[in-house]
Amino acid sequence: MQDHKIVELFLQRDEAAIHACQEQYGARLRSVAYGILQNQQDAEECENDTYLEAWKAIPPHEPKTYLFAFLARITRCNALNLCRRSEQENRIVALSDEMASCIPSGADADTHLDAVQLASAISAFLRLQKEEKRNIFLRRYWYLDSISQIAQRYGIREGKVKMTLFRLRSGLREHLKKEGYSL
């Protein structure tokens, strides 16, 4: 079923919308959650919570052309919230520390540009990168994959993944400086 039809079901408050989402996106949403939580039961819980939050958020939102992205963002937030409540928080902190050197702190971002502009600047930087580099960056910092998972996914050595990420962070830091962010 196409995204706009599923959204129409949500707008009509038809429970078939949830079943359509499960059928079309359930495995991918569980994969997003599992990548963060490393626990199948928690990933399934996040998936179910996503459907409930989507039910509450549609309307007013009408993600007719970007339903998966809408659901994935909810799933990721749910998984990160669950992570924060568990001992896996250390994993999130380690990844945050990796990015700390290239992204301004909350206070700096507030004084220079709001979060939307920062996201736009990061997106612009990523669009300049080759597809493989962009995917490695997203797998690490959006999906929270480990270095070894990324290496296995793309059939490359872990050292190459580490070096690619290092260079991308350095490039992002320089790009953000040019955009007027103080780091």
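**Salt bridges and helix packing**

The side chains of Glu-174 and Lys-177 form a salt bridge, with an N to O distance of 3.9 Å; the term requires a side-chain nitrogen of Lys or Arg within 4 Å of a carboxyl oxygen of Asp or Glu. The model is predicted, so to speak of local features takes a pLDDT of at least 70 and side-chain atom pairs count only at pLDDT 80 or more, while totals for chains, interfaces and linings use all residues. Residues are numbered from 1 along each chain as its sequence is written, and side-chain values use heavy atoms, with hydrogens and water left out.

Both Glu-174 and Lys-177 belong to helix H10, three residues apart, or about one turn of the helix. Helices here are DSSP runs (H or I, at least four residues), numbered from the N terminus. Glu-174 is partly exposed at a relative accessible area of 40%, and Lys-177 is partly exposed at 43%; buried means under 20% relative accessible area, exposed over 50%, and partly exposed in between, with a 1.4 Å probe and protein chains only.

In total, six salt bridges are counted by this rule. Arg-30 pairs with Glu-47, their closest N and O atoms lying 2.8 Å apart. Arg-30 is partly exposed, at 26% relative accessibility, whereas Glu-47 is buried, at 5%. Glu-8, Glu-62 and Lys-64 are joined in a network of salt bridges.

Another salt bridge, at 3.6 Å from N to O, brings together Glu-132 and Lys-160. Glu-132 of helix H8 and Lys-160 of helix H10 are 28 residues apart. Glu-132 is partly exposed at 33% relative accessibility, as is Lys-160 at 34%.

H8 (residues 131-141) and H10 (residues 158-178) pack at an angle of about 95 degrees, with axes 10 Å apart; axes are lines fitted to C-alpha atoms over the stretch in contact, and angles run from 0 to 180 degrees between N-to-C directions. H8 is therefore roughly perpendicular to H10, a label covering 65 to 115 degrees. Contact means heavy atoms within 4.5 Å, and the H8 residues involved include Ile-136 and Phe-137, with Leu-165 and Leu-168 among those of H10. The contact residues divide into seven nonpolar, one polar and five charged.

Terms used
Helices (H or I, at least four residues) and strands (E, at least two) are DSSP runs, numbered from the N terminus. Angles under 35 degrees count as roughly parallel, over 145 as roughly antiparallel, 65 to 115 as roughly perpendicular and the rest as oblique. Ala, Val, Leu, Ile, Met, Phe, Trp, Tyr, Cys and Pro count as nonpolar, Asp, Glu, Lys and Arg as charged, and the others, Gly among them, as polar.
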